[in-house]
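Okay, thanks for making time, everyone. Let me put the model up and walk you through a few spots in it.

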Amino acid sequence: EELGSDWYIYESTEPAPHDDLFPAAIPECHPTISPRLYHTIMAPISLVVILALSLLLKYRRLHRSCWNGVPGLLSLEQDGPRPVAAAVSALLCSSLCHLLLQPEPLPLVSPVSPRAREFWKVLALLYYPALYSPLLACAAPRHHLGYLVGTLLAWGHCGAQLSRWAQCPHAPKVHRLYSLLSQVPALLSLSLLSLWYPAALARSLRHRDTVGTQIPRKDFYRKYLKAVLAKQGRKGSSAGIEESRWSQLRSHLRSSIYIPEEGFRLPLKLVVSVTVAVVAVYQVSVLLLVSVVPTLRIIRAGMTKDVAVLLVQLGLVPASGAGVPGDLGPELRTAQHYLWALEVCYICSLVLCCLLTCAVLLRSLAMHRCRLRALYRGAVLDGLCRARALRPSRAAVVGWIGLSACQAAFACLGLLIQQVIFFLCTVAFTFLVVIPLQDGTGSLLFGIMQNMWPFWLTLVVAMLGQHLLAHFQFLEQHSLQKELTNRRALCAITFLLFPTNILVGLLAGVWRLVISGLYNAVHFCRLDISLLHRGVETFDPGYRMYCQYLRVEVSQCHPLLEAFCFLLLQPGPPEPPAPPQDTNLEEALGKARIRRIRARWWVAYTLLHNPSLTASRKTALANPAANGAQLGVSRP
C-alpha cells in the first residue's frame, strides 16, 4: 500500500490547464442548413443553370437576333467583369484551402476509409470549380436574365454561408477561431457578388433598349487611344530642377507601388492572380497563427516547477543563486517569460512576412505594367527573357492556363519560407541580444565578440586603410577623370594585404549568402522576375510560365488592336444627303485623296509605335512572307 501510495509522489498537484479554445472543449453544433444539405441543394441548381445558359447560347448562335450577342460562359478575357471574376476566384481558393482540413472533403458522400477520403479529395478538386462556375457564367451574357439568375445564386450561397456561420461560429478543427477567421474571404466574396448582381440587374433593366448595342470597355478604348495618339509636349529648359526631381520621385513611386494610370488597365488574368495570391496568403497565415500561438499559451500557463527544474538542468533557463533553497519561483517565471518572448517573436515574424508578401505582390503589378507596355511597343527583349515571336504555342497556352494557380502556390510557399527564416532570426536576436541586455547578464554572442576583438579590429583597420590609400595615394585627379598612379606601391600593398583580404572575403561570402537567401525568400512569390542568373533563367518554372503567359496575352489581347476593332464596331455617322449632280468632281476626288493620305499616315504612326501589330495587318495575313511574318491563314 505504501508503494502504491508513493507511485505518484512526483505528480504535480497543480490543476491541469484547461483552455476552452481547443477543439476538445467545443461542443458539437448542428446548423439548420448542414453542409450536406447545402451541397445537395446547390449542386443540382448549379448544374441546371450551366445547362440552361449553354442551351441559350447555342440558340443565340443559331438565331443571331437572340440576346443581341453573347460571349462565352466562363469569360476571363479583358472585357469580362473584373469584380465577379476576382470574387469567384477568391471564393474558390478559400474553399480549396478548407478542403485540406475537412474530414469529409466531398459533403455529398461520406468517406468510409482513409483511402476513400483521399479519393474524394481528388474528386473535390473538380467539384468545387463546377459548383461556383455559375456565379461567373451568369455575368458573361450581359443580359438581365443572366443577372437575375446570378442574383438568386449569390443570395442562396451567401444566405446559407451566413446562417451556418452565425449558428456555428466555432468548429472543432485546429482551433475554435479558425473556422470563424477562415470564412472571412468567402463571406466577403459572396457579399460582393450579392451586391454586384442586383446592381447589374437594375442597370440592365434601366437601359434595356441599349444593352445589346453597348460595347464592353468603350470608355477604356477611348482613353487608351487618347493616351497613345496624344502628342508629347516638349518641356522647355526653364522647367527647372524641381520638375525633374518631382518626376524622378513619381517614377520611383510608380516602380515601387502600383498606381493606376489613365489609358492602361492590367489584364484580368493578372488581377485574378494577385487576388487569389492574397487570399491564399491570408488562409495560410491564419492557419499558422491559430495552430501555434494557442499551443504556446497553454504550455506557458501549464508550466510547473518540475518542468522548470528540467529546463534549468538542460541549461535553457539560468538558475538564480539567491533566494530560499528549493524555491524555483524565479526559474519558473523566467521560463514563462521565455515562452512569452517566443510567442511575440512568432507573431512579429508572421506579421512581417504577410506585409512583405503583400508589398512584393503590389510591386509585381507595377512590373507587369512595364513589361506589357514594352511588349505592346514591340520591345521583346525588354519583356521576355529572350527574343521570341509573340504568337501562341502549346507551352504558351499551358502557361496562360496555370498562371493564377501557380501564383497562389508560390505565394503560400514563399510565406512559409519567410516565416521559418524570420522566426529564427527574431528568436536569435531576442535571446542573444535583447534578453541579455534586459537581464544584465552575459550572452554567447557578446562573449564571442569580446574574445575576437583583435580580429574585428584588424578587419576594420584593413578595410579603412585600403579605402584611404586608394583615395589619397593610388588615384590622381585630372581635368576630366581620375587616373591610376603609384602602381608599384599598389602591387606591394596588394601582396601584403592578401591574407587579411582572405578573411574579409570570408565575411563578404557569409554576407552574400545571407543577402541572397533573404532576397530570394522575399521575392519567391514573384513570377515576373527570375531567381536564377540571366543565362539560366529559363530553368525557373515560375518565370518561364509567366513569359509564356505574356506571349498569349500580347498576341491575342493587344489593346491597340482591340481599340481599332472597337472603332470598326461603332455605328458610323449618318450619311449626308446626296449631293446634286452638278458638284465639282475634281473637288470630291481631292477630298477623298486627302482622307486616304491622312489614314495612311495614321497607319504608319501606329505601326511605328507598335511594331508587333505588323504581323496582324491584312497584307501580312494574306501573305505569310510579308513583313517578315510567318503566319498561316486561319481557315474556318
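So, the second largest cavity holds about 40 Å³ of space. By cavity I mean a set of points on a 1 Å grid over the protein atoms alone where a 1.4 Å probe fits but cannot get out, and lining residues have an atom within 4 Å of a point. Points are joined across faces, edges and corners, and the volume is the space filled by probe spheres set on them. Quick housekeeping: this is a predicted model, where local features need pLDDT of at least 70, side-chain atom pairs count only at pLDDT 80 or more, and totals for chains, interfaces and linings use all residues. Residues are numbered from 1 along each chain as its sequence is written, and side-chain values use heavy atoms, with hydrogens and water left out.

Who lines that cavity? Leu-270, Ser-273, Val-274, His-368, Leu-403, Gln-407, Leu-527 and Tyr-546. α10 (268–301) and α14 are the elements giving two or more residues, with α10 supplying the largest share, three. Helices here are DSSP runs (H or I, at least four residues), numbered from the N terminus.

Next, salt bridges, meaning a Lys or Arg side-chain nitrogen within 4 Å of an Asp or Glu carboxyl oxygen. How many salt bridges does a search of the whole structure find? Three. Glu-343 pairs with Arg-297 at 2.7 Å, N to O. Glu-343 sits in helix α12 (residues 329–377) and Arg-297 in helix α10, so this pair ties together parts 46 residues apart in sequence. Glu-343 also bridges to Arg-300, with the closest N and O atoms 2.8 Å apart. Is Glu-343 buried or exposed? Buried, at 5% relative accessibility; the cut-offs are under 20% for buried, over 50% for exposed and partly exposed in between, with a 1.4 Å probe and protein chains only. Arg-297 is partly exposed at 46%, and Arg-300 counts as partly exposed at 22%.

The remaining pair is Asp-528 with Arg-526, at 2.5 Å, N to O. Asp-528 is buried at 0%, and Arg-526 counts as buried at 7%. Back to the others: shared partners join Arg-297, Arg-300 and Glu-343 into one network.

Leu-432, Leu-437, Leu-444, Leu-445, Phe-446, Ile-448, Met-449 and Met-452 make a nonpolar surface patch of about 690 Å². Patch residues have over 30% relative accessible area and no salt bridge; like charges are joined within 9 Å, and nonpolar side chains (Val, Leu, Ile, Met, Phe, Trp, Tyr) within 5 Å. Areas are Shrake-Rupley with a 1.4 Å probe, and for residues only the protein chains shown count as cover. α15 gives the patch its largest share, five residues.

Notes:
On a 1 Å grid over the protein atoms alone, a cavity is a set of points where a 1.4 Å probe fits but cannot get out, and a pocket is an open set with protein on both sides within 12 Å along at least five of seven lines; lining residues have an atom within 4 Å of a point.
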